[in-house]
Amino acid sequence: MEGRGRRWLNSAASTVRYPSAAYTHLSLETLMTSPALRLLLLVGCCQAFLHDGKAAEAEPAAAAASAADYAWTTDHLQIGVRWQPFAGRPQNNAFDASRPVIATDSSYAQLWVAWNAAEPTVANTDYATSQSGYLQAIEQAVDACRARGLQVELVFFGCPAWASASGVGGLERPKDGLFAEFVGRIARHFKGRVAAYQLAHEVNLQGMMKGADVDFLINEIFLAGARQIRAVYAAEPARPVLISTSGMSPCENCGVMAGLAAKGGRGVNDMYDRLVGSSDLMQLVDGLNLNVSDQNDGYGGMDGSFVPSVWGNFDLVRGKLDAAGLSYKGVLAAESWVSWDDSGSAVDVNGDGVRDERDAFAKTVTIMGHCLERGLNTMQLPWSDNSSGWAMGLTKRRDYNGRLVEIAPAIVIPASDGGPGIVTQKLALHGNDRSFVIAEASGNTFTIDNYINPPDPNHLHSYAWRWFARLAAGADEVIRHAVAGEVGNDIAVTGPGFTGNERYRMAGYNRSRDRFTVLLYASGANGRTPATVRIPSTIQTGRHANTGKLPHDFRGEGFVDGTGYHATIITKTMNDRTGADENRRVIETAVSVVTDGGLVATVPGLNRFTRIEFVRAARP
């Protein structure tokens, strides 16, 4: 999160701003006094086979919510959303929880927890008697995700005035020992419901923890925080937990954390060295993190050397872990987003002279393709438009309860799916469900002119995100399988159909449904020439996943030689304005028998987007 987003939680302000998206602006008084929020957890997935107006690809219904009870490890693959619920608007939150982007398409949700909003006073540290309204909203969002089978990760940032060394609340250095106590309270409260924790955010930047230095960060935030969470989850009844450190921004124009050698990509490089060099920390955490966005580490603003791109950032941290003998440690996404409007962070990727949603679609394909193919363990994008300085939501804000069309009818249009109306401009809402008022939004203010397809509840790049999200299969348990270019564990694609400047291939094993999934993207595919895919028929020992060094060992699972199987192939293109499927063909192959440990399928005419499901079958 760069530039304009650095105003979050300013100690002199009376508002809480969420990282990057600044999802809602609420006074601290409101956050401290708002009553318990009540998400309607049984608001079901009534659109399970509709994706906000677009018919979904035919496939089995989502697994039961209990599927999320599996132990989330760095051998798993998660693709989901960053969701920040609104304090004081439970109706709004219930509607958001029922939207397909959360309810059926995602496998996990990342929720950001501002310490100074969660515990604005010392009294609020007693969750049984004085839980803040903000934390109630987070809690009930957690419960809504769990009810739908999603895994949940919490990310920490900020510090309340009572706990800060300066006596000022916001992005400040905490007093010694108090951060660990805070995360211990959170861990005890959410144990069994939250499976992963990210201890901080963008710690290479001084502005995220004013008054701190690198030594304080490693000792008080990472080491003490991780030890506290480990202790809580190890206590009976013991529960598994996944802990990571912090995303980092290679922002060349942002102030560097005290103690680091330099700013930008050079500072990121130095921070990774310090983290990897701490043997105590590497024993406590499951992986390291990186920002995944199209600004400063994607399509512009990065240093061009240490971090030439967002996937270059991945290569940097992955290489450092490997060199230290930590190849089994994961790399996870921290803050992730792709801007879709024409703001300063937008880029004309396709060269048509316009910065619009088509560029966001192209950026999403490239960023997710590069990162997931390389082995990024998690990937999420913001769930909906908000009032941040630029626009990055997968979906548009909707008039969820009909109040906006009453107080501002000019900014609401009918939705293509017949549901609540589409809000056509950036705005902020202050207040509760019944009496909220419209406030001015910050930064670049998009309007209906920026929407490439106004009545569609989704933005165009959500269709690219959703195609990738099929690999993680919602509530199902999916293990990272073969990896492109990994000798002995490759996703081998041959034939003239797999062509173009951008080509990606990735695979997963769905333990819930006992099937393998392969995604292929080929920018030059024309639907007329063939390609053949071969993957291992069982989980192999991988370089970074399924190494045998984690408590859970999935190696050997799958289809042994002699097993019958067939493949269902869906190959298609997508309309560059609506995201609708075009040239879509479904191919069912004949039943084959596993030989030499391989699953093979030929696509007679490969299109740009192809999904192959290898399914167990009776032998012919």
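Throughout these legends, a residue is called buried when its relative accessible area is under 20%, exposed when it is over 50%, and partly exposed in between, with a 1.4 Å probe and protein chains only. The model is predicted, and for this reason local features are reported at pLDDT of at least 70 and side-chain atom pairs only at pLDDT 80 or more, whereas totals for chains, interfaces and linings use all residues. Residues are numbered from 1 along each chain as its sequence is written, and side-chain values use heavy atoms, with hydrogens and water left out.

View 1. D476 is buried, with a relative accessible area of 3%, whereas R513, at 27% relative accessibility, counts as partly exposed. The two side chains form a salt bridge (a side-chain nitrogen of Lys or Arg within 4 Å of a carboxyl oxygen of Asp or Glu), and their closest N and O atoms are 2.6 Å apart. D476 lies in the loop between α14 and β17 (478-483) and R513 in the loop between β19 (503-510) and β20 (515-522), so the contact ties together parts that are 37 residues apart in sequence. Helices (H or I, at least four residues) and strands (E, at least two) are DSSP runs, numbered from the N terminus.

**View 2. Further salt bridges, including D294 with K363.** The count of salt bridges comes to 26. In the pair formed by D294 and K363, the closest N and O atoms are 2.6 Å apart; D294 is in the loop between β10 (287-293) and α11 (310-323) and K363 is in helix α12, so the pair ties together parts that are 69 residues apart in sequence. D294 is buried at 1% relative accessibility, and K363 is likewise buried at 1%. Another salt bridge joins D322 and R318 (3.2 Å, N to O), with both residues in helix α11, four residues apart, about one turn of the helix. An α-helix has 3.6 residues a turn, so residues three or four places apart point the same way. Both D322 and R318 are buried.

**View 3. Helix α12 and its two ends.** With 18 residues, α12 reaches 25 Å from its first C-alpha to its last, close to the 26 Å expected at 1.5 Å a residue, the expected span being 1.5 Å times one less than the number of residues. Of the 18 residues of α12, 15 are buried, so the helix is largely enclosed by the rest of the structure. Just after α12, G375 takes a positive phi of about 115°.

View 4. Rings of Phe, Tyr and Trp (its six-membered ring) pair if their centres lie within 6.5 Å, and planes under 30 degrees apart count as stacked, over 60 as edge-to-face and the rest as tilted. The count by this rule is 24 aromatic pairs. One of them is the tilted pair of W340 and F446, at 4.8 Å centre to centre and 55° between the planes. W340 lies in the loop between β11 (330-337) and α12 (357-374) and F446 in the loop between β16 (437-439) and α14 (461-469), so this pair ties together parts that are 106 residues apart in sequence. W340 is buried at 0% relative accessibility, and F446 is buried at 2%. The rings of Y400 and F436 also form a tilted pair, with centres 6.2 Å apart and planes at 35°, and both residues are buried.

**View 5. Strand β26 and its partners.** Strand β26 (residues 609-616) is mostly covered, seven of its eight residues being buried. Two strands pair if DSSP finds at least two bridges between them; β20 and β26 do so in the antiparallel sense over seven bridges, and T517 has E613 as its bridge partner in β26. Strand β22 (residues 564-574) also runs antiparallel to β26, joined to it by eight bridges, and the partner of H566 in β26 is V615.
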